[in-house]
Amino acid sequence: MLIGETPATTAVIRSRRVVLPDGERPADVLIRDGRIEQIAEHGSLLAGDLHLTDLGDTALLPGLVDTHVHVNEPGRTEWEGFATATRAAAAGGVTTIIDMPLNSIPPTTTVDGLAAKRKIAADQAWVDLGFWGGAIPGNVADLEPLHREGVFGFKSFLAPSGVDEFPHVEQADLELALAEQARIGALAIIHAEDPAVLEAAPQQPGVHYRDFLASRPDDAEAAAVARLLDTARRTGARVHILHVSSAAVLPLLRQARADGVRVTAETCPHYLTLSAEEVPDGDTAFKCCPPIRDESNRDLLWAALADGEFIAVVSDHSPSTPDLKLLQKYGGSGDFAAAWGGIASLQIGLPAIWTEARKRGHSLSDVVRWMSSGPASLVGLTGTKGAIAVGYDADLVAFDPDGAFAVHAEQLHHRNPVTPYAGRTLSGNVLTTWLRGRVVDVDAEPFGRQLARS
Ligand SMILES: [Zn+2]
């Protein structure tokens, strides 16, 4: 049987570097009907009528699970849409994405909003995808119905989100939202910057990255996380801190965990691989909130990652059109204060992280824990996604860890040719991506599935 012809295939993928939950070793992976049926000794499954793909020394990883992607469709499809986002994901070895509830119009804050997204995503997804809901002021009554419909949890902002239709929660709204989520057993995911600290910070618009950085200080994250953890402690809600940029929050997380608060945290490739020192003035492709901080902070994030303090490294892929980024190369002002805040990196998160991880002595197994099994566990997909193990979906990536490539933004499948990685050379090439046992050919028909929290 040939992979790709019919969904019900039997095939073997052989590699001398299969990244399994207990480490890397040579193996044959037998796939039947889209699932991993057996993991056998390397070379032991003789072909016969099986379709064999021998990767040699190319590594075989489980597909990445990216739980933080802003697709923006419907409503702002010119920023990114399901077709372009999932194509970029597949090309980058990401086989599952969970879509954020904002920047699309409508946002995913009601069952109708969720239905609109599901409808438009159907038949144009190259990878599997699911949806986060949103908890905003006034929609507490919508949370339980959305939860029943299978959203993976609810996002709230503690500071303005950047779009009017997704307002941030004040403390009273946060209390209500977390109490309700504790009651229904939902996971609250939080953008943690404190609006009072942001307002008090010096605001100096312009092209100088240092001025932008000063406008979003470490304290904004630390104050917001402290307030959130206190609210989580009182309400009993399970909370997850999105895109930790500042190492100042790490001691707060440690203390809260020691106190029994149910809290997890994630960070992103741009915080781990880029630094404030290297952001050119006026290059707003680097603008995101919270911001990319300095090198010493980055080292502390890596130390925390190595210690298992982050459950996931996910993209926070949040693109916009080049004009809203105010990019100078497109005639924009390069003003960091006014530019859209968001980094586009969905397709290149794996090589970006691998480039830095191998320099710091980390293995492919570490990368898989941070970018595949960890995020899968965050959203309750362990058992199906995030590992090469018997019974799991055969979501797989052939990855050449010793390859390298130069990033050309216009060659990526993202809808808009803007990424701070443009011009960089990254280590590691994604050669082939399989979704449920079938090669994802991004020029053919999409066959991604919609997932719901079970
Ligand atoms: Zn985000």
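**Second largest pocket.** I looked up which element gives the largest share of the lining of the second largest pocket, and found that β16 does so with five residues; the model I am reading is a predicted one. β16 (425-435) is joined by α1 (82-91) and β15 (396-406), each of which supplies at least two residues of this lining. I noted a volume of about 340 Å³ for the second largest pocket, and a lining of 20 residues, with Ala91, Gly92, Gln347, His413 and Val430 nearest its centre. Sorting the lining of this pocket by residue class, I have 12 nonpolar and eight polar residues, and no charged ones.

**Largest pocket.** I then turned to the largest pocket, for which I have a space of about 630 Å³. Its lining comprises 36 residues, and those closest to the centre are Pro160, Ser161, Arg216, Lys287 and Cys289. When I looked for the elements behind this lining, β10 (154-157), α5 (195-200) and α6 (209-215) each came up with at least two residues, and α6 holds the largest share with three. By class, the lining of the largest pocket divides into 15 nonpolar, 14 polar and seven charged residues.

**Thr108.** My last entry concerns Thr108, which I placed in the loop between β7 (94-99) and α2 (111-121). Is Thr108 buried or exposed? I record Thr108 as buried, because its relative accessible area is 0%, and the cut-off for that term is under 20%. Leaving aside residues up to four places away in sequence, I list Pro101, Leu114, Lys117, Trp132, Gly133, Gly134 and Leu146 as the residues that Thr108 touches.

Methods:
Residues numbered from 1 in each chain as written. Predicted model: local features only at pLDDT ≥ 70, side-chain atom pairs only at ≥ 80, totals over all residues. Heavy atoms only, no water. Helix = DSSP H or I, 4+ residues; strand = E, 2+ residues; numbered from the N terminus. Buried < 20%, exposed > 50% of the residue type's maximum accessible area, 1.4 Å probe, protein only. Contact = heavy atoms within 4.5 Å. 1 Å grid on protein atoms, 1.4 Å probe; cavity = no way out; pocket = protein on both sides within 12 Å on 5 of 7 lines; lining within 4 Å. Points joined across faces, edges and corners; volume = space filled by probe spheres on them. Nonpolar A, V, L, I, M, F, W, Y, C, P; charged D, E, K, R; others polar.
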